[in-house]
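Me: I have a structure open here and would like to go through it with you bit by bit. Can we start once it is on the screen?
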Protein chains: 2
Amino acid sequence: MKALKEAIEKYGVGIGTEVVKVDSFLNHRIDVALSTEMGKAFYEAFKDDRVDCILTVEASGIAAAMTAAQAFGNIPVVFAKKGDHRNVGNDVYTAEVYSFTHQKLNVIRVSRKYLEKGMRVLIIDDFLANGEAIHGLMDILNQAGCVLVGAGVCVEKGFQPGGRNLRESGVKVVSLAIVDAIEDGKIILREG
Amino acid sequence: MKALKEAIEKYGVGIGTEVVKVDSFLNHRIDVALSTEMGKAFYEAFKDDRVDCILTVEASGIAAAMTAAQAFGNIPVVFAKKGDHRNVGNDVYTAEVYSFTHQKLNVIRVSRKYLEKGMRVLIIDDFLANGEAIHGLMDILNQAGCVLVGAGVCVEKGFQPGGRNLRESGVKVVSLAIVDAIEDGKIILREG
């Protein structure tokens, strides 16, 4: 997606060989016009897949999930919660997700009543690196008997194996931008 | 706001005398059409206040912050992060926020570069109870030299002191629905 790639090239910061910082427009400060355009791009990619609901995980996935849901005509968003939330209740699906960014194991959870059997669900997230978060969400969808339509991701780190593994297992993954490498602080984006 | 009050009456669950569960449409599963309408209501309430930027705190405030920012013509959203995030960097403003819901002290942080001195900022959050989160965000705005325009809240617990204290200290607080009490599981909303 052109506008996102331009934003990454202009404002993204590459650190070392692995860290892509896009917190000036994606996951700390949010460029709301760009986020709205990303939502439309996800709609274009999945509009023929009869999506009933969008599933993401707090916190950084929520913005893109919201704008995608708007583009789909205001379908519901469900966001998985991390950790021990008193108000979520006990009647939840859970999955374990290792966060490389924060170097800890999170438990994510979704109330059972918001994922009905047979529901067609699109996963949206801001980042795809090793694929831990998406696998955790897929685990929950599997427990709920939902149909995974695919995964829409704002920024994929193409040099980490998450996206490749998901595609090889048959998941429809659409990434709006793919980072192929970070070289001397410069973020190298995949063309096309 | 009529649609929100109707949703609270129809889908909200009161527990004990203090807990208002609205996770079926506000802070776990999101009714995106309703959230978009709430964003417009915040715009109506603050449209004459020359808002430059919306500040919220992850995770449940992000949806309403996004739709409000859209209603303001796509102004930026900044969301404060909780806990120790490696990618936020050291150049941050921090504040301590006690969460009654999760019974722990959180540190919230915002990168200094996203809050410029003199910027007119509207705080948006999903809930206002004791006011801890909003006070933490106000502390950060104060450190940054920003101008607090006011606070827009989806659901205020009118039986807890946060809203009253903020208004008495001169803050413009706009709550789209105010819960006055929970009686035998029934959520009593303030009229008008």
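Me: Where does B:Arg50 sit in chain B?
Reply: This is a predicted model, and in it B:Arg50 lies in the loop of chain B that runs between helix α2 (32-46) and strand β4.

Me: And is B:Arg50 buried or exposed?
Reply: B:Arg50 has a relative accessibility of 60%, and because exposed means over 50%, it counts as exposed.

Me: What about the phi of B:Arg50?
Reply: The phi of B:Arg50 is positive, at about 50 degrees, although the residue is not a glycine. In chain A, A:Asn74 also has a positive phi, near 65 degrees, and is likewise a residue other than glycine.

Me: Where is A:Asn74, then?
Reply: A:Asn74 is found in the loop between α3 and β5 of chain A, and with a relative accessible area of 34% it is partly exposed.

Me: Still on the backbone, which peptide bond is cis in chain A, around A:Ala59?
Reply: The bond that runs from A:Glu58 to A:Ala59 is cis, with omega near 0 degrees, and A:Ala59 belongs to the loop between β4 (53-57) and α3 of chain A.

Me: What joins B:Glu58 and B:Ala59 over in chain B?
Reply: B:Glu58 and B:Ala59 are joined by a cis peptide bond, for which omega is about 0 degrees. The loop that holds B:Ala59 runs between β4 (53-57) and α3 (62-71) of chain B.

Me: Switching topic: how many aromatic pairs does the structure hold?
Reply: Counted over all chains, there are four aromatic pairs. One of them is formed by A:Tyr11 and A:Phe25, and this pair is tilted, with 6.4 Å from centre to centre and 55 degrees between the planes.

Me: Which parts of the chain does that pair link?
Reply: A:Tyr11 is in helix α1 (residues 2-11) of chain A, whereas A:Phe25 is in the loop between β2 (19-21) and β3 (29-30), so the pair links distant parts of the chain, 14 residues apart. A:Tyr11 is partly exposed, with a relative accessible area of 45%, while A:Phe25, at 3%, counts as buried.

Me: Why is the pair of A:Tyr43 and A:Phe72 called edge-to-face?
Reply: The ring planes of A:Tyr43 and A:Phe72 stand at 80 degrees, and because planes over 60 degrees apart count as edge-to-face, the pair gets that name; the ring centres are 5.0 Å apart. A:Tyr43 is in helix α2 (residues 32-46) of chain A and A:Phe72 is in the loop between α3 (62-71) and β5 (77-82), so the pair ties together parts that are 29 residues apart in sequence.

Me: Are those two buried or partly exposed?
Reply: A:Tyr43 counts as partly exposed at 28% relative accessibility, whereas A:Phe72 counts as buried at 14%.

Me: Back near A:Phe25, what does A:Gly12 touch?
Reply: Leaving out residues up to four places away in sequence, A:Gly12 touches A:Ala7, A:Lys21, A:Val22, A:Phe25 and A:Ile187. A:Gly12 lies in the loop between α1 and β1 (13-15) of chain A, and its C-alpha atom is separated by 4.9 Å from that of A:Val22, which is ten residues away along the chain.

Me: And B:Ile140, where is that?
Reply: B:Ile140 is in helix α4 (residues 132-144) of chain B, and at 0% relative accessibility it counts as buried. Its contacts, again without residues up to four places away in sequence, include B:Tyr93, B:Ile108 and B:Leu115.

Me: Let me zoom out: how many helices and strands does chain A have?
Reply: Chain A has five helices and eleven strands, and of its 192 residues 58% count as buried.

Me: How does the radius of gyration of chain A fit a compact globule?
Reply: A compact globule with 192 residues would have a radius of gyration near 16 Å, and chain A has 16 Å, so the two agree. Along the principal axes, the C-alpha atoms of chain A fill a box of roughly 50 × 35 × 35 Å.

Me: Last one: how many positive and negative side chains are in chain A?
Reply: Chain A has 23 positive and 25 negative side chains, and the centres of these two sets lie 4 Å apart.

Methods
Residues numbered from 1 in each chain as written. Chains lettered and ligands numbered in written order. Predicted model: local features only at pLDDT ≥ 70, side-chain atom pairs only at ≥ 80, totals over all residues. Heavy atoms only, no water. Helix = DSSP H or I, 4+ residues; strand = E, 2+ residues; numbered from the N terminus. Buried < 20%, exposed > 50% of the residue type's maximum accessible area, 1.4 Å probe, protein only. Contact = heavy atoms within 4.5 Å. Phe/Tyr/Trp six-rings, centres within 6.5 Å; stacked < 30°, edge-to-face > 60°. Rg over C-alpha atoms; globule rule 2.2 N^0.38 Å. Lys, Arg positive; Asp, Glu negative; His and termini not counted. Charge placed at Lys NZ, Arg CZ, Asp CG, Glu CD.
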